[in-house]
Amino acid sequence: MGGTFDPIHNGHLVAASEVADAFALDEVIFVPTGEPWHKKPVMSAEHRYLMAVIATAANPRFTVSRVDIDRPGTTYTIDTLTQLSSERPDADLFFISGADAIAQIVAWKDYAKLWTLATFIGVTRPGHKLQLPEAPEASMSLLEVPALAISSSDVRDRISAGKPVWYLVPDGVVQYIGKHKLYRGEN
Ligand code: ATP
Ligand code: MG
């Protein structure tokens, strides 16, 4: 599952859990982006990576990969998938992403080759209508997840406004954000 995870929240975790169940996945690898071409993360890659590790630590099927944050330059999904498939040559890869990201998939670098590397799964959330790009049928699936109207932008806005984010993000992540004073507009 790719994302900026700035910060990771319970919407991401529910989506991952639902997809893992529906597609009988052995493992979900959360892959925080390095430098995405379409948006600039607020927090450093290291903070975003560590929050993802804290959020997923208790789940034996969830892991976090550094492939994107350790590869210099702009993050492209084609490079992420190429690297993950060479690290796990026997794995059958699924790329999980939100409906918004899937809709933009045709704008991604080398998108025609993407279908050969993974099955793409678009998860829906409130307010996001699915518009599927043209793709070979076998490489794309959609899944509706329980409506969790949480986004990282909303979490960041709440923190900078001094509002609570308990239960929107995992407890350990709330504590990490507090400890490092993240998203308060000072760093
Ligand atoms: P931002 O508000 O900064 O755009 P985000 O909440 O969308 O952040 P991302 O890190 O961009 O978080 O999310 C990675 C992927 O997870 C995206 O493709 C996004 O659509 C999806 N996603 C985010 N929140 C949810 C949610 N509540 N339910 C289902 N999918 C979600
Ligand atoms: Mg988003």
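Where is Glu27 placed? In this predicted model, Glu27 lies in the loop between H1 and E2; helices (H or I, at least four residues) and strands (E, at least two) are DSSP runs, numbered from the N terminus. Residues are numbered from 1 along each chain as its sequence is written, and chains are lettered from A and ligands numbered from 1 in the order in which they are written. Local features need pLDDT of at least 70 and side-chain atom pairs count only at pLDDT 80 or more, while totals for chains, interfaces and linings use all residues; side-chain values use heavy atoms, with hydrogens and water left out.

With a relative accessible area of 31%, Glu27 is partly exposed; buried means under 20% relative accessible area, exposed over 50%, and partly exposed in between (1.4 Å probe, protein chains only). Apart from neighbours within four places in sequence, Glu27 is in contact with Arg61, Thr63 and Arg88, where contact means heavy atoms within 4.5 Å. The side chain of Glu27 makes a polar contact of 2.8 Å with the side chain of Thr63 and another of 2.9 Å with the side chain of Arg88. A polar contact is a pair of N or O atoms within 3.5 Å; within protein, one must be able to donate a hydrogen and the other to accept it, and residues adjacent in sequence count only if both atoms are side-chain atoms. The C-alpha atoms of Glu27 and Ser17 are 9.9 Å apart, and the two residues are separated by 10 residues in sequence.

The chain contains 8 helices and 8 strands. Of its 187 residues, 44% count as buried. Among contacts with a separation of 6 or more, 66% are between residues 24 or more positions apart.

In soluble globular proteins, nonpolar side chains tend to be buried together. The largest nonpolar core has 35 residues, and those with the most contacts inside it are Met1, Ile8, Val28, Phe30 and Met51; such a core is a set of buried Ala, Val, Leu, Ile, Met, Phe, Trp, Tyr and Cys residues joined through side-chain atoms within 4.5 Å. Elements giving two or more residues to this core include helix H1 (10–22), strand E2 (28–32), helix H2 (45–56) and helix H8 (171–179). H1 gives the largest share, 5 residues. Beyond four places in sequence, Met1 touches His12, Ala15, Ala16, Val28, Ile29, Phe30, Val31 and Ile96. A second, separate core of 15 residues includes Ile78, Leu114, Trp115 and Met140.

Two packed helices are described by the angle between their axes and the distance between the axes. The axes of H2 and H8 come within 8 Å and cross at roughly 150°; axes are lines fitted to C-alpha atoms, for helices over the stretch in contact, and angles run from 0 to 180 degrees between N-to-C directions. H2 and H8 are therefore roughly antiparallel to each other, given that angles under 35 degrees count as roughly parallel, over 145 as roughly antiparallel, 65 to 115 as roughly perpendicular and the rest as oblique. The crossing of H2 and H8 is right-handed, meaning that the near helix is turned clockwise from the far one by less than a right angle. His47, Leu50, Met51, Ile54 and Ala55 of H2 make the contact with Gly172, Val173, Tyr176 and Ile177 of H8.

Most residues other than glycine have a negative phi, and most peptide bonds are trans. Phe5, which is not a glycine, has a positive phi of about 50°. Phe5 is found in the loop between E1 and H1 and is buried, with a relative accessible area of 1%. Pro7 also lies in the loop between strand E1 (2–3) and H1, and a cis peptide bond with omega of about 5° joins Asp6 and Pro7. In the segment after H8, Tyr183 has a positive phi near 65° and counts as buried at 4% relative accessibility.

Arg71 is placed in the loop between helix H3 (67–70) and strand E5 (74–75). Arg71 is buried, with a relative accessible area of 18%, and its side chain makes a polar contact of 2.9 Å with the side chain of Gln83.
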